Amino acid sequence: MVGRTPPRSLTKPVGSITRGTTGVNRLRRSDRWLIHDELVTARLLAAPDPLVVDLGYGASPWTTLELASRLRTVRPDVRVVGLEIDPDRVVPGRDGVTFARGGFELAGLRPVLVRAFNVLRQYPEAAVPEAWQTILSGLAPGGLLVDGTCDELGRRCAWVLLDRSGPLSLTLAWDPFTVERPSDIAERLPKALIHRNIPGEPIHALLTAADRAWAMAAPLAPYGPRVRWRAAAETLRAEGFPLRRYRRRMRDCVLSVPWSTVLPEPARPNLSA
C-alpha cells in the first residue's frame with residue numbers, strides 16, 4: 001500500500017520541547033481556511049495517500065482531533081497523525097487519529113500536509129529557515145506546510161503557507177468582534193515576521209496601511225465589523241496591495257497576501273564587526 005509506513009520510533013526527534021499550551025477549538029480559524037483554500041484542498045484531493053501531520057499538538061490532542069474531523073469534509077479517507085516531541089504527551093489513538101513521537105523530521109512520514117501551529121514561535125528567528133527546510137524535505141510530492149501562531153483563545157491568528165519552493169503566502173485571520181484593528185494581530189505574527197514589524201519592513205507597511213484603511217471605513221461600523229473590513233480590504237487593493245479575494249462569505253476577518261508582499265528586508269550588515 002502506497003505511503004502507509006507507520007511513524008518511526010525515534011530516540012531523539014529533531015526539535016525542542018515547547019510549552020504545549022492548547023485548548024478546544026483554538027485553531028478553528030486556520031481549520032476553516034484550510035478546508036476552503038483551493039490549493040490545499042486540490043493537493044489533498046489529488047494525493048495518492050491523504051496523510052496529514054499535526055506537528056506539535058501540545059499537552060492535549062483536541063486540536064488534532066478537530067483537524068481530522070474538519071478535513072474529512074474535504075476527503076473522508078484522510079489519515080491524520082499527531083506528532084509530539086515530548087514522549088509524555090503522546091496519547092493512544094482515537095477517532096481514527098494516530099499519535100506518535102516526532103519532530104521536524106516528521107517521524108519518517110511523507111505527508112501531503114503538515115500543520116505546525118505555535119511551534120516555531122518558541123524558537124529563535126534564526127532557527128526558522130532550517131526548521132522549514134527539514135519539514136519541507138519530508139513532504140510528499142506537492143506537499144504543503146502551514147506554519148502558524150495564534151493567541152490562547154484562537155481569536156488572533158497568522159500563518160505562512162509553504163511548499164518545497166518556499167513560502168507562498170501570509171494569512172491573518174481574526175475574530176471580527178474582539179479585535180479593534182488589524183495591527184493588533186502583530187503580536188501573533190509567525191516567527192519569521194514577528195521581529196520585522198518595524199518601520200522600513202514590508203510587514204509593517206502592510207499593517208500600517210490596513211489600520212489606515214480600517215479607520216477610513218469607520219462610517220460602516222454600524223453595519224458590523226465584517227462589512228467594515230470588506231470595505232477596508234477594497235481600499236488596500238486600490239492602494240496596490242494584492243489582497244486575495246474570497247468568493248464565499250467569511251465568518252472571520254481575513255487578510256491574505258503573497259509572501260513576496262511581506263518578504264523581509266535583507267539583514268543589515270553589522271557595521272561594528
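Of the 273 residues in the protein, 55% are buried, meaning under 20% relative accessible area, with exposed set at over 50% and partly exposed in between (1.4 Å probe, protein chains only). Keep in mind that this is a predicted model, where local features need pLDDT of at least 70, side-chain atom pairs count only at pLDDT 80 or more, and totals for chains, interfaces and linings use all residues. Residues are numbered from 1 along each chain as its sequence is written, and side-chain values use heavy atoms, with hydrogens and water left out.

The protein has 8 helices and 8 strands; these are DSSP runs numbered from the N terminus (helices: H or I, at least four residues; strands: E, at least two). Take contacts next, meaning heavy atoms within 4.5 Å. Among those with a separation of 6 or more, 69% are between residues 24 or more positions apart.

H3 spans residues 62-71 and is mostly covered, with 7 of its 10 residues buried. Among them are Thr-63, Leu-67 and Leu-71. The cover over the buried residues of H3 includes helices H1 (28-36) and H2 (38-46), plus strands E1 (51-55), E2 (79-84), E3 (97-101) and E4 (113-117).

Now for the charges. The structure holds 21 salt bridges, each a side-chain nitrogen of Lys or Arg within 4 Å of a carboxyl oxygen of Asp or Glu. In one of them, the side chains of Arg-70 and Asp-31 meet at 2.7 Å, N to O. This pair links distant parts of the chain, with Arg-70 in helix H3 and Asp-31 in helix H1, 39 residues apart. Arg-70 is partly exposed at 22% relative accessibility, whereas Asp-31 is buried at 1%.

Arg-70 also forms a salt bridge with Glu-66, with 3.9 Å between the closest N and O atoms. Both sit in helix H3, 4 residues apart, about one turn of the helix. An α-helix has 3.6 residues a turn, so residues three or four places apart point the same way. Glu-66 counts as buried because its relative accessibility is 15%.

Leu-136 counts as buried, at 4% relative accessibility. Leaving aside neighbours within four places in sequence, Leu-136 is in contact with Leu-145, Leu-162, Asp-163 and Arg-164.
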